[in-house]
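Q: Please take me through the reading of this structure, one feature at a time.

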Amino acid sequence: MKMERLERATIEAEMAGLAGWALNDAASSISKTFKFANFVEAFGFMTEAAITAEKLNHHPEWFNVYSRVDVTLNTHDAGGLTELDFKLAKAMEKAAARRGL
Ligand SMILES: C[C@H](O)[C@H](O)[C@H]1CNC2=NC(N)=NC(=O)C2=N1
């Protein structure tokens, strides 16, 4: 699947629909910190997100401590943000919502 870097306007339109996500200064990645009730909820979220990531062949950069998961998404192959980042971000939002966030 060929993925191209998104235009700034497209990125901003996507960001408007994603609560709690931040665009980095270079507009080359998006990040969010998820805070769950406990480690089991956080790890369940990561498991679900990992299955989606494998299906998309698009993988997160993330850091977990106990109930917190810090996520950064970008497309290193394209040197910036593509539709895949926003697909994965939206899937993560659904996975988080299923765990009370
Ligand atoms: C070879 C393999 O398909 C690529 O490295 C894929 C895998 N997962 C990936 N994940 C992310 N986040 N960005 C990529 O550019 C990427 N590329």
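Q: What percentage of the 101 residues in the chain is made up of buried residues?

A: This is a predicted model, in which local features need pLDDT of at least 70, side-chain atom pairs count only at pLDDT 80 or more, and totals for chains, interfaces and linings use all residues. Residues are numbered from 1 along each chain as its sequence is written. A residue is buried if 20 or more other C-beta atoms, placed from the backbone, lie within 10 Å of its own, exposed if 12 or fewer, and partly exposed in between. Buried residues make up 26% of the 101 residues here.

Q: Which pattern does the chain follow along the sequence?

A: Helices (H or I, at least four residues) and strands (E, at least two) are DSSP runs, numbered from the N terminus. The chain has three helices and four strands, in the order α-β-β-α-β-β-α. Its radius of gyration, taken over C-alpha atoms, is 13 Å, close to the 13 Å of the globule rule (2.2 Å times the number of residues to the power 0.38) for 101 residues, so the chain is as compact as a globular protein of that length.

Q: In which sense do β2 and β4 pair?

A: Two strands pair if DSSP finds at least two bridges between them. The pairing of β2 and β4 is antiparallel, over six bridges, and T33 stands opposite D70 in β4. Strand β1 (residues 22–23) also pairs with β2 in the antiparallel sense, over two bridges; there, A22 has S31 as its bridge partner.

Q: Which residues of the largest nonpolar core touch the most other members?

A: In soluble globular proteins, nonpolar side chains tend to be buried together. A nonpolar core is a set of buried Ala, Val, Leu, Ile, Met, Phe, Trp, Tyr and Cys residues joined through C-beta atoms within 7 Å. In the largest core, of 20 residues, F34, F45, V69, A89 and M92 touch the most other members. Two or more residues each come from β2 (30–35), α2 (39–56), β4 (68–73) and α3 (83–97), with α3 giving the most, seven.

Q: Is N38 buried or exposed?

A: N38 is exposed, with 11 other C-beta atoms within 10 Å. This residue is found in the loop between β2 and α2. N38 and S67 are 29 residues apart in sequence, yet 4.5 Å apart in space, C-alpha to C-alpha.
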